[in-house]
Amino acid sequence: MVSWSDDSEESGYEYSSGGSPIKIPATIEDPNYSGVDDEVMVMCEHGQPAKRHVCFEGISTGRRFIACGLDEASSCGVVHWVDEEWPEHLQNALHKLWLLYEDCQRANRMACLEHSSLVHNLTSQKNKLQETYEKLVEDVNNLLDTQGNIPKENEVQQGEHEEITPPLDNNISALKEQLGAMDAENKELKQKVDQLKSIQVAQGNVIRNLKFAHLKEKEKLSTERRNLEFHIDDLVKASDKNKRKLKDIKDICDEE
């Protein structure tokens, strides 16, 4: 509530008083309406001149107001709304736009969480496969080294070597098969990572398109607002003109 203080007649400023502080809504920068207000002459409860803002929140988006100039922790809240509430059809449109924006934000957050979780799982699988692959390679190298160091001094040792070689060859074949399976799994993981990158690019395109649509709708609302202001100015001019005509008619009647 706005009221006059005891010395307001001398200073010319209007002070806010009473009630609990109101949270200042989100704002948007407007170079045509910013800084300390010198026209309305409103001061907050701290005794400081209020500052100009343009609301960017909910159904009051685009409305100008004057608020306490201190930071949020020390602010005494909104002092005075300059613009009247928007017409009901415009409020409904703004409400729908903000609902769409919030739904889009929630969907993006959920998509990011799912994407992060999937990437984490794939990375863990890839690391485990990499460790298994490296262990298999090490085992193969050890087997090959063991096979190369088998002594071949005599026929008995040669016979023993021939008895040992087939199992080693079988183990090497099995390890090679496992390595081939690991390579196939690595290729599959790479394909999944490429798909995730494509999904991320598509999400980025969707977000950019939504931002463009939001800006376009905002521009449309600004145009409607300007047209509304022009219409109000025309009505005010027409009213003033009619008042002058009525005054002239009254003066003529008084003279007669």
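Biologist: How much space lies in the largest pocket?

Modeller: This is a predicted model, in which local features need pLDDT of at least 70, side-chain atom pairs count only at pLDDT 80 or more, and totals for chains, interfaces and linings use all residues. Residues are numbered from 1 along each chain as its sequence is written, and side-chain values use heavy atoms, without hydrogens and water. A pocket is an open set of points on a 1 Å grid over the protein atoms alone, where a 1.4 Å probe fits, with protein on both sides within 12 Å along at least five of seven lines. Its volume, the space filled by probe spheres set on points joined across faces, edges and corners, is about 470 Å³.

Biologist: Which element gives the most to the lining of the largest pocket?

Modeller: The lining (residues with an atom within 4 Å of a point) has 20 residues, with D30, V54, G62, S222 and R225 nearest the centre. Helices here are DSSP runs of H or I of at least four residues, numbered from the N terminus. Two or more lining residues come from each of helix 2 (88-148) and helix 3 (155-255). The most, six residues, come from helix 3.

Biologist: Which element supplies the largest share of the lining of the second largest pocket?

Modeller: The second largest pocket holds about 300 Å³ of space. Of its 13 lining residues, Y101, C104, L210, K211 and H214 are the closest to the centre. Helix 2 and helix 3 each supply at least two residues; the largest share, seven residues, comes from helix 3.
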